[in-house]
Amino acid sequence: MTIKLANLNKSYGKKPVLFDINLEIPTGSFTMLRGVSGSGKSTLLSIIGGIEPMTSGQVLIDGQDVSKLKGGERANFYRHKIGFIFQGFYLQPQLTIGENIALMGTFAGMPKKEREARARELAEMLGIAEVLDSLPAEISGGQAERACAARAMFMNPEIILADEPTNNLDPENAKNVIEMLKKIQQDTGATMIVASHDPMVEKFASQVVSIKDGRASEEK
């Protein structure tokens, strides 16, 4: 799905964070939002994902102004169209990995057997089937990142957003996770947007957008 940001601005109270962002992210791209901590890249990712509201401007997804979606229509759109891989994992500590992966299916009212089958399918695809019955505290950081990716993929979204996916990982696991995200993008055709300051991500990107002091400029 093509994403177009038009004259997008974001402020927290009187503090501006993003300034007049104009950007087009093509369907099926692997796009890196590159910038140092505090540059605004994670805020921009959250606006695209419907987690943060913009102050002004437009987010158009396949030509649809998503700011005009309300209530159930909005929730249904983001649940089915966008998967989010959060920084810091955000796995529910009291749920098993399998239950965490299947959360979106639970919210969507999917029958339990279907949820469990889909969770296992994704866990096998991403190499974490052996930890499906484990709690988040019992698995490694690399496994947790894969569980988050599986959760994001659960509803077959057309857009996957990843916020600093290598931030808490050692170099080997970081490389494995980026290779996994690239493979997901290639295999599913999803539009992949990764907010990161890790230079390794750029090697996998088809589009690189630099976010500096709240302003965006396309570099690749």
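Q: Which strands does helix H2 lie across, and at what angle to E6 does it run?
A: Helix H2 (residues 71-81) lies across E6 and strand E7 (159-163), running at about 65° to E6. Axes are lines fitted to C-alpha atoms, for helices over the stretch in contact, and angles run from 0 to 180 degrees between N-to-C directions. Helices (H or I, at least four residues) and strands (E, at least two) are DSSP runs, numbered from the N terminus.

Q: What should I know about the model and the numbering?
A: This is a predicted model: local features need pLDDT of at least 70, side-chain atom pairs count only at pLDDT 80 or more, and totals for chains, interfaces and linings use all residues. Residues are numbered from 1 along each chain as its sequence is written, and side-chain values use heavy atoms, without hydrogens and water.

Q: What is the strand order in the open sheet of six strands?
A: The order is E6-E7-E8-E3-E9-E10, with mixed pairing. Two strands pair if DSSP finds at least two bridges between them.

Q: Which strands stand at the edges?
A: Strand E6 (82-85) and strand E10 (215-218). Each has a single partner strand, so one side of each lacks a neighbour in the sheet. On average, neighbouring strands of this sheet are turned by 20° against each other, direction ignored.

Q: How many bridges join E3 to E8?
A: Five bridges join strand E3 (residues 30-34) to strand E8 (residues 191-196), and the two run parallel. Leu33 stands opposite Ala195 in E8.

Q: New topic. Which residues have the most contacts inside the largest nonpolar core?
A: Phe30, Ile85, Ile101, Phe154, Leu181 and Ile184, in a core of 43 residues. A nonpolar core is a set of buried Ala, Val, Leu, Ile, Met, Phe, Trp, Tyr and Cys residues joined through side-chain atoms within 4.5 Å. Buried means under 20% relative accessible area (1.4 Å probe, protein chains only).

Q: Which helix gives the largest share of this core?
A: H6, with seven residues.

Q: And what does Phe30 touch?
A: Leaving out residues up to four places away in sequence, its contacts (heavy atoms within 4.5 Å) include Leu181, Met192, Val194 and Phe204.

Q: Now the other end of the chain. How do E1 and E4 run?
A: Strand E1 (residues 3-12) and strand E4 (residues 56-61) run antiparallel, joined by five bridges. Lys4 stands opposite Leu60 in E4.

Q: Which residue takes a positive phi in the hairpin of E4 and E5?
A: Asp62, near 50°. The hairpin has two residues between the strands. Ile61 stands opposite Gln64 in E5.

Key:
Buried < 20%, exposed > 50% of the residue type's maximum accessible area, 1.4 Å probe, protein only.
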